[in-house]
Amino acid sequence: MDAAVHAHPAEAIPHPPRCGVVDLGSNSVRLVVFEGRGRNPVPIFNEKAVLGLGRGLETTRRLNEEAVEQALTVLERYHAVARAMAADPLEILATAAMRDAENGPAFAAALRERMPGVPITVLSGEGEATLSAEGVLLGFPEADGILGDIGGGSLEVVDLRHGRVGDSASLPLGVIRLAERAGGDMAQARAIAEAELARVPWLSNGKGRDLYLVGGAWRAIAKVHMVEANYPLSIVHHYVLTREEARNLCGTLIGAKKSAIEKVPGVPAKRAGDLPFAAVALRRLLRATGADRVVFSANGLREGWYARHIAPSVRAEDPLLAASYEMAARFGRDDSLPPALFDWTSPLFPEETAYDRALRLAACWLSDTGSHDHPDYRAEQSFLRILRQPGVGLDHHARAFLALAVALRYEAAPPAATLAPARVLLGAAEMRRAELLGAALRLAYTLSGGTLALLNAAALSVADGTLHLTLRQHSGLFAGEGAQRRLDLLAGMLNLKAGIGVG
């Protein structure tokens, strides 16, 4: 066969640097490999094994011997995967089970034999809490409230003050440990959780603020609510419940049979037995903090570790805008155009909050990300790509707003079934802003062809009840039928007349 058949063009394109972290917990062990060192972590490999290393620890003070053998096998595989993917650095972070077990040091020694050269850090409770907090702040830079990170062996709580890490504590309230301490009895579990939380008086500082939840068991609780509510976006990160919604859901789970929980779509079978105890811990934590809302975070310890491996200047970037820049760099055509689009559309939005301005700027950066898609599917592909992007700083309303605005820039029909999630997630005012911005971007691209030079030869202004489009003479621009139709549409949305002139 011709040698060209065996060629691998991708080998000539170096991939961004990668790093990997193993989260060795009381219930599960997970390897995550991140690619790049951008503001938004991009996991390109994420594999978990639920082993229950900490099962029985409460009575034996030792790691589960059966799980130890399984863990050695799994971690040997993780080592091979991480090295094959050129993840550097690679580190193992061990949490409550390893720090509390009598045979923890022996297990660590066995790991070093299987994974030579890989550092193993057995985190203190305070260290675990701090890493979790740094991970949450990567996705919620201005987080203000109480963070609760539940694992199998422990519950870490942190007071977050407008993006800063405050007091922290580690409590023996992980789902496995709580179940074992209570002997499987729900009433006893409530009493234990209440007593442990009472030892942390500053938790009451959470009154009227948010409660940020991290950990697989609590993410599974969010999945249950999403199924019950027929929620249109299966992304736990930034999912929000009111205090009463969270309390009622916990009450249902505490009284539910394991067989019933196992039937809920999206809940792993191995989590089903843990959820009632996770619900007990959450309900007691809601009482102790007095929080108004529950906000779920997919970021935690692993993302906190990642955050320590990026430059401080990168970490300080706005995550919403950073995600938009990154997507534009991958899928767009001209990175000089988005800032000009932002200025070009500004006359249409004279009264904006700082957040609205940031969303509009992000939409301008994302507005050309369908340029390489099939023409018949640009609207749909762009909508789904933006709605489901991995950016950690986007709440669900921002995802829906940006996705809708860009889909409409590609002339998606507002009633299209693809756009249904946006209609559910956005209020009437947000829908109108997205529709207006989408129409403005569509006009801009119709005139400019996606080029800065032609965009600079056109200008929008509002005066005397008219939306004026001024075209520079001899610039190559003209008001064809398509441009006139789109200007009329845009003016109508603003209850203005449309006018075109040459200047």
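Domain bounds here come from an automatic or database domain assignment. In this predicted model, that assignment divides the protein chain into domain 1 (18–122), domain 2 (126–299) and domain 3 (318–502). Colour the three ranges separately before starting.

**The whole chain**

The protein chain has 22 helices and 14 strands. Salt bridges number 29 in the structure; two of them are visited below.

**Domain 1 against domain 2**

The C-alpha centres of domain 1 and domain 2 are 23 Å apart. Where they meet, 17 residues of domain 1 are in contact with 18 residues of domain 2. The size of an interface is often given as the accessible area lost when the parts come together. For domain 1 and domain 2 the buried area is about 1400 Å², with 45% of it on carbon and sulfur atoms.

Next select Asn 27, Arg 39 and Glu 58 and show their side chains. These residues supply 34% of the area that domain 1 buries against domain 2, more than any other three residues.

Now look for the polar links. Five salt bridges are found across the interface of domain 1 and domain 2, and 10 residue pairs there are in polar contact. Strand S3 (43–50), helix H1 (57–60) and helix H3 (96–100) are the elements giving two or more residues to the side of domain 1 that touches domain 2. Which of them gives the most to that side? H3 does, with three residues. In all, the residues on this side of domain 1 divide into five nonpolar, five polar and seven charged.

Then select Arg 177 and Asp 100. Their side chains meet in a salt bridge, with N to O at 2.9 Å.

**Inside domain 1**

Move to Arg 114 and Glu 76. These two residues form a salt bridge, and their closest N and O atoms are 3.3 Å apart. What parts of the chain does the pair link? Arg 114 lies in helix H4 (residues 104–114) and Glu 76 in helix H2 (residues 65–84), so the link joins distant parts of the chain, 38 residues apart.

**Two backbone details**

Most residues other than glycine have a negative phi, and most peptide bonds are trans. The last two stops depart from that pattern.

Select Asp 88 and Pro 89 and show the backbone. The peptide bond joining Asp 88 and Pro 89 is cis, with omega about 10°. Pro 89 is part of strand S4 (residues 87–94).

Finish at His 238. This residue is in the loop between helix H8 (216–229) and strand S10 (240–242). The phi of His 238 is near 75°, a positive value in a residue other than glycine.

Definitions and conventions: Residues numbered from 1 in each chain as written. Predicted model: local features only at pLDDT ≥ 70, side-chain atom pairs only at ≥ 80, totals over all residues. Heavy atoms only, no water. Contact = heavy atoms within 4.5 Å. Buried area = accessible area lost by both parts, 1.4 Å probe. Salt bridge = Lys/Arg side-chain N within 4 Å of Asp/Glu carboxyl O. Polar contact = N/O pair within 3.5 Å; in protein donor to acceptor, adjacent residues only side chain to side chain. Helix = DSSP H or I, 4+ residues; strand = E, 2+ residues; numbered from the N terminus. Nonpolar A, V, L, I, M, F, W, Y, C, P; charged D, E, K, R; others polar.
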